[in-house]
Amino acid sequence: MTTPWRADLGDGTYRNPVLNADWSDPDVVRVGDDYYLTASSFGRVPGLPLLHSRDLVNWALVGHALERLGPDADFAVPRHDCGVWAPSLRHHAGRFWIFWGDPDHGIQQINAENIRGPWSAPHLVKAGKGLIDACPLWDEETGEAYLVHAWAKSRSGIKNRLTGHRMSPDGRELLDEGTTLVDGDTIPGWFTLEGPKVYRHDGHFWIFAPAGGVETGWQGAFRSPTFAGPYEERVVLAQGSTEVNGPHQGGWVRTAAGEDWFLHFQARGAYGRVVHLQPMRWDAEGWPVIGDEGEPVLAHRRPKAPEQPAEAPASSDDFPGGRHGRQWQWTANPRPGWTVGHGGDGLRLSCVRTAYAHDLRDLPNVLVQRLPAEEFTVEVGITLDTREPGAKAGLAVLGDAFSWIGLEAGADGAAHLVHRYAESVAEHERDAEHSRPAPGAAVRVRIEVTRGARCRFSADTGDGAGFRPSGQVFAATPWRWVGALLGLFATAPAGSEPSGTAGFTTFRTTARPRTV
């Protein structure tokens with residue numbers, strides 16, 4: 001099945017981004033000849049995506065490490081910008097480890113022998129508000145363990161600071177009160193220092209950390225012969241003369257062939273934070289040089305590795321056996337009964353009763369996935385298998401503003417094609433187009449997304465006229481830290497009786513090729 005974006009150009013080179021979707025705040029680790037990556041998942045469930053590659057260019061989503069977010073009551077409703085922030089992925093003592101900061105609860109840790117699980121239950125390593133971007137280090141030379149984290153001013157009143165702790169080797173507790181390793185306020189011109197990744201290399205402790213803000217920042221590197229510091233700093237990657245804004249926050253990895261590479265994100269508005277791969281080397285003074293002399297590359301020779309088939313995380317879905325693929329997440333912790341099992345292909349969702357059906361941003365039962373490319377088309381078939389007045393189902397582009405197209409049962413129970421939207425400041429959706437009958441309560445809907453995340457909606461009700469445009473062009477918008485999402489949903493007005501189901505079939509994403 002084709003995907004909307006290929007980074008591997010098939011001639012020994014690749015183009016950036018290698019992951020052209022919102023895989024925010026990536027971290028990477030190599031185990032043998034395999035590479036694994038995780039990323040922020042914020043308030044979506046399951047959390048902590050796990051991607052696998054054999055060459056750092058071609059990636060597949062192999063699962064998630066976090067089945068539910070806790071405390072459960074906090075994530076029973078959408079909290080789009082909360083939850084899992086900037087995780088770190090490591091391999092130590094035969095196990096995979098993921099540490100992350102939840103800005104409202106503290107630093108947590110899980111571990112597993114196999115990347116596909118089972119993963120341990122989350123363990124709270126350090127409680128508190130504003131503790132984010134945690135990264136562990138096990139010093140193989142001394143047997144000591146450490147933890148470094150940043151701060152969210154929105155919760156703690158502290159920012160631009162990296163704090164370090166000694167940690168127990170089992171990764172379960174901190175052994176001191178912590179000390180400031182790097183205070184960005186003492187470095188002229190540095191602000192919003194966060195996202196640390198800590199390493200040992202060439203006799204030094206290294207902290208790779210971004211600064212300067214999500215949209216326009218740079219990548220810094222800090223080194224010290226001791227963990228406690230003092231650290232000297234250098235900017236090792238910045239936009240420079242390129243079109244890649246804010247190239248920062250990610251992880252360094254050394255390949256089996258001895259090459260060094262750096263994965264980082266680029267914030268691209270409604271598309272979220274896409275992931276770039278940069279070559280890396282060390283200069284005569286022992287500092288990392290990332291990209292092309294400190295500026296990001298858009299295309300480059302692939303890492304030395306056995307030839308791999310071109311691959312990207314899946315976005316299309318036939319829902320075989322009635323199950324959705326790994327690329328889908330809920331907007332809050334799921335509840336029993338949201339999906340309805342059956343023996344055939346296609347997804348069946350319950351029309352969940354709610355008093356908030358007028359605002360998709362408030363619904364926990366929206367099944368979402370990332371926008372898979374800059375320009376693409378998405379189609380899905382929808383059936384409304386209920387005559388409950390007000391029951392509806394649709395395909396949405398969901399962010400701080402949203403728009404959706406699909407089916408709704410009228411007062412007489414007959415299905416109509418509807419297209420609705422809400423601006424970011426609106427509290428209630430409104431019509432984007434006049435409704436029209438949908439014979440057979442079935443429709444195939446389409447959204448064409450062009451540069452700038454401009455979305456054109458259309459639908460085919462099976463009346464022989466084919467796809468007809470619907471409404472005005474809708475400009476997708478992100479949330480504060482999260483890119484816009486594609487979503488499937490089914491709802492019904494508040495009540496207590498069963499409200500029926502909706503079906504979704506042959507979800508397809510395709511894209512026009514783009515040259516480097």
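How much space lies in the second largest cavity? In this predicted model, the second largest cavity holds about 30 Å³ of space.

The structure contains two cavities of 30 Å³ or more. The second largest cavity is lined by R44, H80, T331, W479, V482 and L485. Sorted by class, this lining comprises three nonpolar residues, two polar residues and one charged residue. In the largest cavity, the space amounts to about 200 Å³. The lining of the largest cavity is made up of 17 residues, of which A21, W23, P313, A314 and P372 are the closest to its centre. Eleven residues of the lining of the largest cavity are nonpolar, five are polar and one is charged.

A volume of about 600 Å³ was computed for the largest pocket. Its lining consists of 19 residues, and those closest to the centre of the pocket are V29, R90, L137, Y199 and R200. Several strands contribute to this lining: at least two residues each are supplied by β2 (27-31), β6 (85-92), β10 (131-138), β14 (197-201) and β18 (248-254). Strand β14 provides the largest share of the lining of the largest pocket, namely four residues.

A total of 20 residues line the second largest pocket, and P46, H64, A65, L66 and E67 are the closest to its centre. Strand β5, which spans residues 59-66, gives the most to the lining of the second largest pocket, contributing four residues. The lining of the second largest pocket divides into eleven nonpolar, six polar and three charged residues.

The class counts may finally be set side by side. For the cavities, the lining includes one charged residue in the largest cavity and one charged residue in the second largest cavity.

Definitions and conventions. Residues numbered from 1 in each chain as written. Predicted model: local features only at pLDDT ≥ 70, side-chain atom pairs only at ≥ 80, totals over all residues. Heavy atoms only, no water. 1 Å grid on protein atoms, 1.4 Å probe; cavity = no way out; pocket = protein on both sides within 12 Å on 5 of 7 lines; lining within 4 Å. Points joined across faces, edges and corners; volume = space filled by probe spheres on them. Nonpolar A, V, L, I, M, F, W, Y, C, P; charged D, E, K, R; others polar.
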